[in-house]
Amino acid sequence: MSYEPKIVGFLCNWCSYTGADLAGTSRIQYPPSIRIIRVMCSARIDPTFVIDALAQGADGVLICGCHPGDCHYSEGNYKAMRRFPLLKKLLRSYGVEEERVRQTWVSASEGQRFADVVTDMTERVRALGPSRIHRNLLADVRER
Amino acid sequence: MAQLKIGVYVCNCGTNIAHTVDADSIVETVWKIPDVTIARSYRYMCSNPGQEMIINDIQGLELDRVVVAACSPRMHERTFRNACKSGGINPYLFEMANIREQCSWVHSADRLSATAKALALTKAAISRVRCHEPLDPLTAEMCPSTLVLGAGIAGMTAALELALAGHPVCLVEKTDRLGGNLARLDLTAPYLYSARDVLQERMVRIRQTENISVLLNSQLKSLTGFIGNFTATIANGNPSADEKVLHVGNVVVATGYKEFDAARITHYGYGKLPDVITSFEFERMLRTGRILTKAGKEPRYAAIIHCVGSRNKEFHGYCSRVCCMTALKYAQEIKGAIPECYVSDLYIDMHAFGKGCEDFYKKSSEVKTLFLMYGKNERPVIRKAEPGDDCEMLIEIDEKLSGERIEIPADLVILMVGMEAREDSGEVARLVNISQDKDGWFMESHPKLDPVATTTEGIYIAGTCVAPKDIPDSVAQARAAAGRILGRIAKGKIEIDGVFAEVNEDRCSGCRMCNELCPYSAIEFDETKKRSHVIAAACKACGCCVAACPSGAIKGRHFTDQQIYAQIEGVLA
């Protein structure tokens, strides 16, 4: 059997989670790699959630929020956007490959886009193979 | 952690879930998890027997946590929270796993992986629900005034309905008059009521109703607050006039549509050929009572072209719904006014659904309209006729039913321009904090079950700003929106969800980082204590401050760090 990566998706309730639901109601098929966790806004995504997911064995983490200018809380996605490069920098220092963690925008009407994002990301993570991140990372994170 | 009693319910959703996900195997597996007191699967958990099953188990087995693995929480979270409440536990001691929209429906071909994923999502819900805490809603006053944006048929109807029930309404209109797009029409299909009569009735009643204040040449500038307690700033087109500040409890958005710009389709020569006109220009002609070409002659050949800008990949993929019946109305009106005129009707598909419409179609055939069908991805070509041709223009069309390329004469061509979202719809959506779909139409909270509410509490949508629709549907939506608001006003107070952020003062360092981040200015700083605190009623629970607080002093109720960590652990277990 081919290796099926595990990707944790953090999706904002208003745009992306609804977009993912729309993919469902439209019966758009995508790989079963993704496990979605709903948050109210992408700004709620504490960088430690991402590190925690990787430490717990996720092969990839996907963050989705409303498109810039379209946030239900007017500007939460901009805050999430600004946090992301800092997180990426940190992850690089831990040796996490660039393509394992991705942030993108999916609106409530973009069921197809959500499916495309998951499909694309699954292929990229599959190509990287299982994550090699040491589980000791977990201790570091939960210290907080 | 103290021993819990968790009930887990896996829904089959008929075959929607069961066809792809092995619900019974999930039940079998989760039952072995510590604290899971009962695990069951059932055909429809949302049905009455399904909900009673949960209620009976809560009471009989003394459950203190409930997990339902079923559809999206956006669909039935409220249903099951209410079931928990009926069973006697706090509704927030419940968690849902989305194994339909985000599992069975999107992994239909892979039963094994779909079942494994559904199990992971259910396990995550079980881990999460362990960390749930009982939450109680807050109550706030409901301001009985309503702000209605747009004075077309939908906005006027909503305003009247609310005002006649005894509540103040402010009706804000961007232009200098009431009536919207309907005021540009002559007769309405299929019963041929005059648009003027339909509007006149509304306008007279609006003028006679004391508690409606009408603001023309005005626009919403800002909206702050929350359901029951919004503050709206209205700007007048006149820059020297003061801005009006209103306190309202609810808002109805009924900002309408604009027509497709026919000049975008160059094949039709709109703007170049003088006798190629849009349906709106033809309506104006009908209102003056005479059908004439630009040269002042009665047309001997009239052609009506459907789907201008609609049902086409290049422009709008959707159907504009009203044009087919309006086109048939034109055919009948032209035949009525100029019996010897040949009328051709160039269509893709004839959409004659709805009350009275099929009969109306039949009537148009009886007056000898020539119906010509063209393909969805083709387009008739209009060109100026040569001097010897005995007509002004010639239209070339690949007629689908005969399979032949034919040429028809025309002195007057009417383009049935479709509806599109207004240019300012994006701005309106941002101001009142609602979403738009890919075509720019405002989005419903749920397209079938909650079609006039939006994802922002207290903001309702009605009429053609939601999607193309006819007058009866716009009126019905406007009344539905007004009905929803009257229901909220009747309750007097509003319940505010128990989900909001709170500051642990012992951990707060007083750095004030959160004060700046909050988009609702819901975090205040107590100068004496040197601590920040959240105004619960103003907090919308986005959780931005929770993730940003360097001391970890802010707790996002119902989305706490522990709850999310538990979920992460669960999905990866």
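1. Basis. This is a predicted model, in which local features need pLDDT of at least 70, side-chain atom pairs count only at pLDDT 80 or more, and totals for chains, interfaces and linings use all residues. Residues are numbered from 1 along each chain as its sequence is written, with chains lettered from A and ligands numbered from 1 in the order in which they are written.

2. Chain B overall. The chain holds 15 helices and 30 strands. Both are DSSP runs numbered from the N terminus: helices are H or I with at least four residues, strands are E with at least two. Along the principal axes, the C-alpha atoms of chain B fill a box of roughly 95 × 60 × 40 Å. Of its 573 residues, 48% are buried. Buried means 20 or more other C-beta atoms within 10 Å of the residue's own; exposed means 12 or fewer, and partly exposed lies in between, with C-beta atoms placed from the backbone.

3. Contacts and domains. Contact means C-beta atoms, placed from the backbone, within 7 Å. In chain B, 69% of the contacts with a separation of 6 or more join residues 24 or more positions apart. The domain assignment gives domain 1 (6-136), domain 2 (146-256 + 422-494), domain 3 (262-418) and domain 4 (501-556). Such bounds come from an automatic or database assignment. The C-alpha centres of domains 1 and 4 of chain B lie 34 Å apart.

4. Helix H6 of chain B. H6(B) spans residues 153-164 and reaches 16 Å from first C-alpha to last, close to the 16 Å expected at 1.5 Å a residue. The expected span is 1.5 Å times one less than the number of residues. H6(B) is largely enclosed by the rest of the structure, because 11 of its 12 residues are buried. Its cover includes strands E6 (146-149) and E7 (169-172) and helix H12 (471-491) of chain B. Just after H6(B), Gly166(B) takes a positive phi of about 100°.

5. The A/B contact. Chain B contributes 42 residues and chain A contributes 40. On the chain B side, H15(B) gives the most, with eight residues. That side divides into 20 nonpolar, 12 polar and 10 charged residues. Ala, Val, Leu, Ile, Met, Phe, Trp, Tyr, Cys and Pro count as nonpolar, Asp, Glu, Lys and Arg as charged, and the others, Gly among them, as polar.

6. Tyr17 of chain A. Tyr17(A) sits in helix H1 (residues 16-25) of chain A. Tyr17(A) is buried, with 29 other C-beta atoms within 10 Å. Leaving out residues up to four places away in sequence, Tyr17(A) touches Leu11(A), Cys12(A) and Arg38(A).

Terms used. Two residues are in contact if their C-beta atoms, placed from the backbone, lie within 7 Å.
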